[in-house]
Amino acid sequence: MKYGRIYNFSAGPSTLPEKVLEEVRDEMMNYRGSGMCVMEMSHRSPVYQKIIDDAEKDLRELMSIPDNYKVLFIQGGATLQFSMIPMNLMKNGKAVYIETGAWSKKAIAEAKKVGEVIVAASSKDKNYTYIPDCSDLDIPEDADYVYICENETIHGVTWNKLPNTKGKILVSDQSSMFLSRPCNVADYGLIYGGVQKNVGPAGLAVVIIREDLIRDDLKDLPIYLQYKTHADNGSMYNTPNCWAIYVCGKVFKYLKDDIGGLENMNKINIDKAKVMYDFLDSSKIFKGTVEKKDRSLMNIPFVTGTPEQDAEVVAYTKAAGFANLKGHKSVGGLRASIYNAMPKEGVEALVDCLTKYEKEHA
Ligand SMILES: *Cc1c(COP(=O)(O)O)cnc(C)c1O
């Protein structure tokens, strides 16, 4: 590969489109005649204002975000949203959460510090290897929202059919699937994602929130934790994560102009994940851990059967020049994260490597 780069299967921060990195490189010392790098620029300057405005505009176009939704760029990654969501959206102090893996569990733990959490469905019984049936949940009349993690990065399960929220607003953590497929924003009250999985450098979350959910009666909440603060100030109440917003903006443009939108991105992702899943389904050594209908197109956990052999394969892939295939410490095994920017050739090369291992160990 160019520049001595290697195929990087990291779950996050993760691989970015080479074209975007090249543009960033070309603009590093002097951003479009401004005489400075974006890192050195005042966030109050017209040059930077255009960067953030364009990023929002391109994201709105990509996702067809309706006018009654605000797009916010908030620091603190996805993790801060685990707290901001209940703090801002729990009016009655009660919310329904669906437990499908490590990241929804973390969100549940934080929400419990703010109010009452009802776990209406869980896949804990099978170690989070499927998405539970959520067509007829027990949802209290006074629940403020229903919360899901739409793609569990560690356990590798994804929602292909949204839960029936019985009229309550849906809140979704899309961190590890953000912009990987089309999404009907109007189905949600709030969508958010940490950007370092699919769109940019770490330390930033994109929050897409329906306007009527932004409250102005939360005066006792620290000002930075109120969505209203970020909405009223164009995501620049204080100095934002200027650099991350700049890179994300480039990725939005890339998805729009070079990929041709999210329908196309989804097709590419389906085609790419198929290479890996077809291999796992036919392998005698390796097998995927997730129920077929709920398999993620982004994060693919798989195992050999023994922790010793898992470790041997991780070392084998590393020696062959592939990075970050070790599964998360909480689940073990291996995991290939194949986000938007991972080329199909990368997955094919990995499958070749695993096939070679399999032949040598038959
Ligand atoms: C990575 C991840 C997070 C946490 O993101 P940070 O930006 O590190 O806080 C939350 N949810 C999901 C689904 C993730 O994949």
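Me: Which residues of domain 1 lose the most area to domain 2?
Reply: A word on the model itself: it is predicted, so local features need pLDDT of at least 70 and side-chain atom pairs count only at pLDDT 80 or more, while totals for chains, interfaces and linings use all residues. Residues are numbered from 1 along each chain as its sequence is written, and side-chain values use heavy atoms, with hydrogens and water left out. Together, 26% of what the domain 1 side buries comes from I154, P182 and I259.

Me: Where do the domains run, and how far apart are the C-alpha centres of domain 1 and domain 2?
Reply: The bounds come from an automatic or database domain assignment, which gives 20-259 for domain 1 and 261-360 for domain 2. In the contact (heavy atoms within 4.5 Å), 27 residues are from domain 1 and 24 residues from domain 2. The C-alpha centres of the two domains are separated by 27 Å.

Me: How many salt bridges cross the interface of domain 1 and domain 2?
Reply: The rule asks for a side-chain nitrogen of Lys or Arg within 4 Å of a carboxyl oxygen of Asp or Glu. Across this interface, the number found is 1.

Me: What is the N to O distance in the salt bridge of E291 and K126?
Reply: This pair meets through its side chains. From N to O, the distance between K126 and E291 is 4.0 Å.

Me: Which class has 6 residues in the lining of the largest cavity?
Reply: A cavity is a set of points on a 1 Å grid over the protein atoms alone where a 1.4 Å probe fits but cannot get out, and lining residues have an atom within 4 Å of a point. The lining includes F73, Y224, H230 and M236. It has no charged residues (Asp, Glu, Lys and Arg). Alongside 5 polar residues, the class with 6 is nonpolar (Ala, Val, Leu, Ile, Met, Phe, Trp, Tyr, Cys and Pro).

Me: Which residue is joined to G12 by a cis peptide bond?
Reply: Most peptide bonds are trans. Here omega is about -10°, and the residue joined to G12 is P13.

Methods. On a 1 Å grid over the protein atoms alone, a cavity is a set of points where a 1.4 Å probe fits but cannot get out, and a pocket is an open set with protein on both sides within 12 Å along at least five of seven lines; lining residues have an atom within 4 Å of a point. Buried area is the accessible area (1.4 Å probe) that two parts lose on being put together, summed over both.
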